[in-house]
Amino acid sequence: MAQYTKNPPLLEAALAADPLIQLDRWLGDAQAAGMIEPTAMTLATVDAQGRPSARMVLFKGVHNGALTFYTNHESRKGRELAANPRVALVFWWDRLERQVRVEGMAQRLPVEVARRYFYTRPRESQIGALISRQSAIVADRATLDRRYDETVARLAGADVPYPEHWGGYGVTPQCVEFWQGRSGRLHDRLCYQRAGDGWRIDRLEP
Ligand SMILES: Cc1cc2nc3c(=O)[nH]c(=O)nc-3n(C[C@H](O)[C@H](O)[C@H](O)COP(=O)(O)O)c2cc1C
């Protein structure tokens, strides 16, 4: 097991009053540390029977106080979110020995916001989002490649139509925990919870 010795103490006094500002600082540190995907986060959802599932998605910024990501609404996660909007998110930056945990409620972003983001993506990603029936079983790789190539040919010279099955979600946090590795397993854990219009910060045992 690694000994976590990189970090100076994480002190209550040094934290931003708003956890989304604190998250932005830590994301900046992760970017500066040269992480390949500093914005990657695990998204955990539950289905209608309460069975959890988790996968990685990319954090794409804050919209109206919510952490956003983009995906296929008809995917497994999309269907689970329709049945139960409660989610958990986890960031882990190994180079910084830091973790952030978020719990909250997900809701779809307005279509205009998703559409605007969609057209900032590379064309091949737009086409990928258009033709993928994310989470469905596909007969083989060739079926997928054929569908992609046919769509590239069909759309030559034209804009990729915005796929109605694709969009964004915003996770409004109820609590956000900042974890930093420290030596002797006496890690720092500072946890924000909504309290009235603001946030209460508690220190948790490691
Ligand atoms: C680093 C990383 C980032 C990813 N980002 C996204 C993303 O932003 N949106 C997305 O739909 N899938 C993303 N994926 C793929 C998902 O992990 C997952 O395979 C896919 O969304 C299907 O999940 P589901 O079947 O549970 O809906 C990413 C995977 C990795 C490893």
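**Figure 1. The span of residues 30-149.** The end C-alpha atoms of residues 30-149 lie 37 Å apart, and the span is 31% helix and 35% strand, where helices (H or I, at least four residues) and strands (E, at least two) are DSSP runs numbered from the N terminus. UniProt, in an unreviewed entry, lists these residues as "domain: Pyridoxamine 5'-phosphate oxidase N-terminal"; UniProt positions are given in the numbering used here, feature names are shortened, and annotations may be inferred rather than shown by experiment. The model is predicted, so that local features need pLDDT of at least 70 and side-chain atom pairs count only at pLDDT 80 or more, while totals for chains, interfaces and linings use all residues. Residues are numbered from 1 along each chain as its sequence is written, and side-chain values use heavy atoms, with hydrogens and water left out.

**Figure 2. The largest nonpolar core and Phe 91.** This core has 29 residues, and those with the most contacts inside it are Leu 23, Leu 67, Phe 69, Phe 91, Trp 93, Val 100 and Phe 178; a nonpolar core is a set of buried Ala, Val, Leu, Ile, Met, Phe, Trp, Tyr and Cys residues joined through side-chain atoms within 4.5 Å. Two or more residues each are given to the core by α1 (19-32), β1 (40-46), β4 (66-72), β5 (86-93), β6 (98-108), β7 and β8, and the largest share, five residues, comes from α1. Not counting residues up to four places away in sequence, Phe 91 touches residues including Leu 23, Leu 27, Phe 59, Leu 67 and Val 100, contact meaning heavy atoms within 4.5 Å.

Figure 3. Arg 189 lies in β8 (residues 188-195) and is buried, with a relative accessible area of 16%; buried means under 20% relative accessible area, exposed over 50%, and partly exposed in between (1.4 Å probe, protein chains only). Its side chain makes a polar contact with the side chain of Glu 177 (2.7 Å) and reaches the backbone oxygen of Glu 205 at 3.0 Å. A polar contact is a pair of N or O atoms within 3.5 Å; within protein, one must be able to donate a hydrogen and the other to accept it, and residues adjacent in sequence count only if both atoms are side-chain atoms. Leu 204, in the segment after β9 (198-203), is partly exposed at 30% relative accessibility, and, leaving aside its neighbours within four places in sequence, is in contact with Glu 177, Arg 189 and Cys 191.

Figure 4. Arg 121, in the loop between α3 and α4, is partly exposed, with a relative accessible area of 22%, and touches Gln 126, Ala 129 and Trp 166, not counting residues up to four places away in sequence. His 187, in the loop between β7 and β8, counts as buried at 8% relative accessibility, and a polar atom of the His 187 side chain lies 3.0 Å from the backbone nitrogen of Arg 182.

**Figure 5. Helix α4 and its cover.** The buried residues of α4 (residues 123-131) are Gln 126, Ile 127, Ala 129, Leu 130 and Ile 131. What covers these residues includes α3 (111-118), α5 (141-154) and β7 (166-180).
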